[in-house]
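Morning, everyone. Have a look at the model first.

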Amino acid sequence: MKQKSIAAVLAFFVGGFGVHKFYLGNNFAGILYLLFFWTFIPSILAIFDFLGLLLMSEQAFNAKYNLQEVNKLNLLQSSENDNIDKLKKIKELYDQGIITAEEYEEKRRKFLDLL
């Protein structure tokens with residue numbers, strides 16, 4: 001998870017080189033800042049980036065820069081819940097007598113081996 005304060009500090013101190021852009025995942029802009037740092041234009045832009053980061057709310061920052069990390073965490077949590085549900089369904093089939101104990105153990109073992 002990226003932090004707003006770190007991005008702001010990077011923009012303030014080394015923003016002319018685009019380090020804050022690399023940190024925030026905007027590699028193309030970071031490369032442009034690096035290519036043109038000698039013109040001091042990236043340094044001026046970094047001041048505006050710094051101010052923008054300071055004025056940006058935590059919610060807006062997270063929505064813009066941390067959304068992928070949050071989605072990954074949600075995906076991991078949902079896949080864990082899906083795995084638990086699948087194991088429960090196999091157990092229900094066994095409890096209802098639809099599959100035998102051997103089939104249950106085989107399916108459970110195969111499923112656990114996939115994890």
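Let me start with a definition: buried means under 20% relative accessible area, exposed means over 50%, and partly exposed is in between, with a 1.4 Å probe and protein chains only. By that rule, Lys91 is partly exposed, with a relative accessible area of 34%.

Now the ground rules. This is a predicted model, where local features need pLDDT of at least 70, side-chain atom pairs count only at pLDDT 80 or more, and totals for chains, interfaces and linings use all residues. Residues are numbered from 1 along each chain as its sequence is written, and side-chain values use heavy atoms, with hydrogens and water left out.

On to the pairs. Side chains of opposite charge can pair when their charged atoms come close. My criterion for a salt bridge is a side-chain nitrogen of Lys or Arg within 4 Å of a carboxyl oxygen of Asp or Glu. How many salt bridges does a search of the whole structure find? Four.

Take Lys21 and Asp49. Their side chains form a salt bridge, at 3.7 Å, N to O. Lys21 sits in helix H2, residues 19-23, and Asp49 in helix H4, residues 41-55, so this pair ties together parts that are 28 residues apart in sequence. A word on helices: these are DSSP runs of H or I, at least four residues, numbered from the N terminus. Is Lys21 buried or exposed? Buried, at 15% relative accessibility.

Back to Lys91. Its side chain meets that of Asp95 in a salt bridge, 3.3 Å from N to O. Both belong to helix H6, residues 67-95, and because they are four residues apart, about one helical turn separates them. Asp95 is exposed, with a relative accessible area of 53%.

Next, helix H7, residues 101-114. Glu105 and Arg109 lie there, four residues apart, about one turn of the helix. Their side chains meet in a salt bridge at 3.3 Å, N to O. Glu105 is partly exposed at 32% relative accessibility. Arg109 is partly exposed too, with a relative accessible area of 43%. Which residues make up the network of salt bridges here? Glu105, Arg108 and Arg109.

One last stop, away from the charges. Thr39 is in the loop between helix H3, residues 27-35, and H4. Its relative accessible area is 27%, which makes Thr39 partly exposed. Thr39 and Gly16 are 23 residues apart in sequence, and 9.5 Å apart in space, C-alpha to C-alpha.

That's my tour. Over to you.

Note on methods. Helices (H or I, at least four residues) and strands (E, at least two) are DSSP runs, numbered from the N terminus.
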